[in-house]
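Me: I have a structure to go through and I'm new to it. Can we take it piece by piece?

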Amino acid sequence: MKNFGEIITSQANHIQKVIDFDSKTDKLYQLDFTASNTELTPEILSDTDLFINWVNTKLHDNHATYGIGGYNEHRTIYARSEHFNAAEEPRRLHLGVDIWAPARTAIYNFYDAKVHSFANNNNFGDYGATIILTYEIENITFQVLYGHLSLASLTGLEEGMMIPAGSKIAELGIKEENGFWPPHLHMQVILDMQGLKGDFPGVCRFSARTSYLANCPDPNLILKYTFG
């Protein structure tokens with residue numbers, strides 16, 4: 001049986017864009033949120049507006065349209081939120097890919113899907129408005145979580161609703177509706193939702209890394225066909 005990566009590769013010609021991107025004019029910049037990035041001081045991380053300015057400055061200075069990255073990245077930035085700071089072991093390992101872009105940037109569906117669930121995960125540092133879609137490709141079913149969206153993106157959704165490939169599914173939210181983060185998309189592939197709806201951990205404890213990464217393959221397997 002093919003694994004997730006092999007299936008996505010076999011469907012490369014049918015995978016559509018997730019975000020508007022022109023490879024001739026647009027540039028991506030990989031943002032680093034690990035401990036090696038000493039530019040991100042506690043002062044910046046404690047103030048969302050300063051954090052937004054830092055992201056925007058990095059993109060501007062590197063002539064980039066979007067920031068991108070983060071899968072399997074052990075991040076220090078989650079120390080800013082109690083949401084990730086369990087006493088026994090804080091959650092720091094990122095399980096999705098982030099695309100950092102201006103608020104209201106359009107997000108599109110890359111393949112025919114159904115609405116699995118949706119919610120407003122309205123905690124500081126959480127996803128904010130969240131949509132989870134179910135995909136079936138070559139008889140394998142999986143979900144993709146789209147987080148940090150605008151609240152308006154949830155309007156009119158119903159579980160089981162068909163979402164055609166290529167259709168606009170959401171816009172990125174402002175800080176007040178995206179969990180108080182600089183505007184960005186968190187995109188996460190999930191093979192087993194484990195009975196959850198409207199939410200799924202996007203960051204795990206490092207000690208649980210192996211099982212979570214096995215359940216959440218790299219979304220860049222999808223995005224690389226979008227960005228070329």
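Me: Is tyrosine 66 buried or exposed?
Reply: Tyrosine 66 counts as buried, at 7% relative accessibility. Buried means under 20% relative accessible area, exposed over 50%, and partly exposed in between, with a 1.4 Å probe and protein chains only.

Me: Before I go on, what kind of model is it?
Reply: This is a predicted model: local features need pLDDT of at least 70, side-chain atom pairs count only at pLDDT 80 or more, and totals for chains, interfaces and linings use all residues. Residues are numbered from 1 along each chain as its sequence is written, and side-chain values use heavy atoms, with hydrogens and water left out.

Me: OK, aromatics. How many aromatic pairs does the structure hold?
Reply: There are 10 aromatic pairs. Rings of Phe, Tyr and Trp (its six-membered ring) pair if their centres lie within 6.5 Å; planes under 30 degrees apart count as stacked, over 60 as edge-to-face and the rest as tilted. Phenylalanine 21 and tyrosine 66 form a tilted pair, with ring centres 6.3 Å apart and planes at 35°.

Me: Where do phenylalanine 21 and tyrosine 66 lie?
Reply: Phenylalanine 21 lies in the loop between helix H1 (4-10) and strand E1 (28-30), and tyrosine 66 in strand E2 (residues 66-69). The pair ties together parts that are 45 residues apart in sequence. Helices (H or I, at least four residues) and strands (E, at least two) are DSSP runs, numbered from the N terminus.

Me: And phenylalanine 33 with tryptophan 100, what are the distance and angle?
Reply: Their ring centres are 5.1 Å apart and the planes are at 50°, so the pair is tilted. Phenylalanine 33 sits in the loop between E1 and helix H2 (42-46), tryptophan 100 in strand E4, and the pair ties together parts 67 residues apart in sequence. Both residues are buried.

Me: Which residues do ring pairs link into a cluster?
Reply: Phe33, Phe51, Trp54, Trp100 and Trp181.

Me: Now threonine 105. Where does it lie?
Reply: Threonine 105 is in the loop between strand E4 (97-100) and strand E5 (106-108). Threonine 105 is buried, at 13% relative accessible area. Leaving aside neighbours within four places in sequence, threonine 105 is in contact (heavy atoms within 4.5 Å) with Ile19, Tyr66, Ala170, Glu171 and Leu172.

Me: New topic: what is the strand order in the open sheet?
Reply: The eight strands run E1-E2-E4-E11-E8-E7-E6-E9, with mixed pairing. Two strands pair if DSSP finds at least two bridges between them. The edge strands are E1 and strand E9 (162-163), each pairing on one side only.

Me: How many bridges join E4 and E11?
Reply: Four bridges, with E4 and strand E11 (residues 184-190) paired in the antiparallel sense. Aspartate 98 stands opposite histidine 186 in E11.

Me: What about the largest nonpolar core? Which residues touch the most other members?
Reply: Phe110 and Tyr146 do, out of 37 residues. The largest share of this core, five residues, comes from strand E7 (residues 128-137). A nonpolar core is a set of buried Ala, Val, Leu, Ile, Met, Phe, Trp, Tyr and Cys residues joined through side-chain atoms within 4.5 Å.

Me: Last one. How many disulfides?
Reply: The count is zero. A disulfide is a pair of cysteine sulfur atoms within 2.5 Å.
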